[in-house]
Amino acid sequence: MRTPEEESPESGVAESRSAGVVTAPAKPKRWYTRAEQPDNVRQQPGVWPEPGRGYAEGAQVDEVRQQPGVWPEPGRGYAEGAQVDEVRQQPGVWPEPGRRYGERAQSDEVRPQSSARPERYRHDLDGLRGIAIALVVVFHIWLGRVSGGVDVFLVLSGFFFTGSLLRRAESTGTVALAATARRLGRRLLPALVFVLAVVAVATVLIRPYTQWTEAAAQTLASLLYYQNWYLALSWSDYLAADPSVSPLQHLWSMSVQGQFYLVALVGIALLVAVVRRFGRASALRPTVAVVLGALAVVSFLYAARGVQLHQGWNYYDSLARGWELLAGALLAVLAPKLMVPRLFRVLFAVIGAIVVLSCGWLTDGANEFPGPAALIPVGAAVALILSGAGLPTGAQPLPNRLLAAAPMVRLGELAYALYLWHWPILIFVLAERGTPTAGIEAGLAVLAISFALAYLTHRFVEEPLRAGAGASRSGYRRRAGRIVAAVGATVLAVAVGAQVVSRILPPQPVAYLDPVRYPGAEALAAGAAVPRAKMRPTVFEAPADAAYPSREKCIADWDTRDVITCTYGDADAEHTIAVVGSSHAEHWVPALDVLAREHGFRITVYLKMGCPLTVAAEPMYKGEAIPDCRDWSAEVIDRLGVDRPQWVFTTGTRPRDRTGDETPTDYLEVWSRLAEHGLNVLAVRDTPWLRRDGIRYRAIDCLAQNADGVACGMPRVEALDEVNPAAEPAASFPNVFPLDLTDAVCTPEVCPVIEGNILVYHDEHHLTASYSRSLAPELGRQLAPILGWW
């Protein structure tokens, strides 16, 4: 990925890209004015003219480009193809050696060169950036793991951007907030806007319309750089790609980067103002170092704690990710002063390169980053930065020189666009194939398409709109700028419009359905007739037709440790059933509420998302540790022992990873703990989770593609075992009574998504409240002999 100041070296003077050097003549004593042009002096390409000789206004030998704002010493030449930036000067006038120009300064804006120790441009870090993003792409396509490449990139982003701000502050006395913000926009937004526009069009063309609103929300989050927070709120699974994942999910890292740029820009501007106010300009770097170091320590400790408490949130949290960027920023402050012995440079380079390449296999990044385990990729990036600090490319250790090779540098140039493109291409391909992995051939196709689009985006979108583009392309640059601005405004308007509409006209849950026209589960359980009627809830109503506790915030979310309780049914009744566990216990509440109002008992809920009642030392959800669940469960079990409900209603099974269902050993331990408190248990068999080849899918998405309820359902033999897995172990527990309503959800062959004119699922695996209510008669028939209350 490209950083906003990718052309910036570590300090004031760039390394010459030319191998040839000519002897420097004597320092000139004067400049030529505009009227003093002696002649059209032409010069050998790549060689700077002797002092005292000037170019006439129309004379052009070649486009010699140099680090922005820095003029080369007399007698030093650049190779004919060398291009860093095009510094313009008054025709016929050459500046004196040792003087530098601001990035956009003309001849009357001569600025003194920074006194910082000269450093060389780090071509090897361009290559490192390319390798890091290439690893991200390969791991996403074929391995389904986090590679650590993003963490390396974040370190480089902090290093380059902070270094550029400090150099500008030291040479000009200001970080130029407005100018820097414009450069950021020119470097980051054009490619991002282009990719977002293409993804939006592709989503409309090939994804079901039920996904369009969510796509618009994530497009807006990506464009405004808060995608990481959007994903954190939904705790999305970033472990691996599959068709159920958003094609924009990878842009969380761009949001973290953009937020850091904004904070760093304002923060360093404030520090510059403070040190200037007290007349201590030399204290800038020490002051920045202290502040960055303190923030990095706080962020690291926060991230380490987050891994233990709520890793799903922690992974996307900017505050937890901050220490990775701050590590690079702190290195940018200290690098010009560091003197690393040659032996340590070699060790740093070799170890750093090996770790960068192997990090994806050494750690489980999705479950451990950005906690202490992220020290591995961050440390490797820091080692490679230090190994080449202050040295020309030719004097750097071998790994750095390999990273500085032309192909690696070119890969680094394409890295930003490659990162933007690879994920949506992969997700769209997986969705079209209907498979959880790409395989070799499809993966190579994804890689080839991603590289082709990255090159075209870099060539025709990024480069023309970057500062310093050649005058010969100024017309194209203006046209491209207008097009990108128009596309960006359109994407923003459509995304905002979609969000406004969804807020004004949100989906509404279904309040009541006539049981004659909408028999639902009774069509299977009791053979009720099914008249012709429109399906309810509709695909637009379904997302809102969740169980009551979710609507009323009576279920603890991922990041809530507190036990939340609410009451349903007859609040004044003598008998109580406690509904305990995860959202899969929750979606039975509408059915129980119908029975409770009819037969006069109370329902008290103790619920937490993703947390079936457990006594496991390290409970997991979607492969991620959720230690909150362990502590929450322990407190709930103790509360139940005090509250003494007559019955505890909870799930007794869960689906296996691929096919069928099971009763985990942990559930049996929970039954034992409840028995110790003298509590009786109603262990209901979990309902099928919609999945094909291990891939989750939403019923409404399938139906939106013109399929029917049976075609969108699951074969019963794949969804569930032939016999309730809880039946056998429950026989050993006198206090446990298994319930199995599978025949009210599935036919003997298939578990459909529509039954009795009612949509069964509001997402991939939770019952709609409407269908849950239709299960009340069958649930009542099974509960009556157990409870003895009616």
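In which helix is the place of Ser633? Ser633 belongs to helix H21, residues 627-643; helices (H or I, at least four residues) and strands (E, at least two) are DSSP runs numbered from the N terminus. The model is predicted, so local features need pLDDT of at least 70 and side-chain atom pairs count only at pLDDT 80 or more, while totals for chains, interfaces and linings use all residues. Residues are numbered from 1 along each chain as its sequence is written, and side-chain values use heavy atoms, with hydrogens and water left out.

**Surroundings of Ser633**

- Ser633 counts as buried because its relative accessibility is 0%; buried means under 20% relative accessible area, exposed over 50% and partly exposed in between, with a 1.4 Å probe and protein chains only.
- Leaving aside residues up to four places away in sequence, Ser633 touches Cys611, Pro612, Leu613 and Thr614, where contact means heavy atoms within 4.5 Å.
- With Thr614, a polar atom of the Ser633 side chain lies 3.2 Å from the backbone nitrogen.

**Backbone geometry**

- Most residues other than glycine have a negative phi, and most peptide bonds are trans.
- The peptide bond from Phe369 to Pro370 is cis, with omega near 5°, and Pro370 is found in the loop between helix H11 (365-368) and helix H12 (375-387).
- A cis peptide bond also leads from Arg536 to Pro537, with omega near -10°; Pro537 is placed in the loop between helix H17 (522-525) and helix H18 (548-551).
- Asn706, a residue other than glycine, has a positive phi near 70°. Asn706 is found in the loop between helix H23 (699-704) and strand S14 (714-715), and it counts as exposed because its relative accessibility is 77%.
- Asn757 is not a glycine, yet has a positive phi of about 70°. The loop between strand S17 (754-755) and strand S18 (758-759) holds Asn757, which is buried, with a relative accessible area of 12%.

**Helices H5 and H6**

- The axes of helix H5 (residues 227-234) and helix H6 (residues 252-277) come within 7 Å and cross at roughly 125°; axes are lines fitted to C-alpha atoms, for helices over the stretch in contact, and angles run from 0 to 180 degrees between N-to-C directions.
- H5 is therefore oblique to H6, given that angles under 35 degrees count as roughly parallel, over 145 as roughly antiparallel, 65 to 115 as roughly perpendicular and the rest as oblique.
- Gln227, Asn228, Trp229 and Leu231 in H5 meet Trp252, Ser255, Val256 and Gln259 in H6.

Notes:
Polar contact = N/O pair within 3.5 Å; in protein donor to acceptor, adjacent residues only side chain to side chain.
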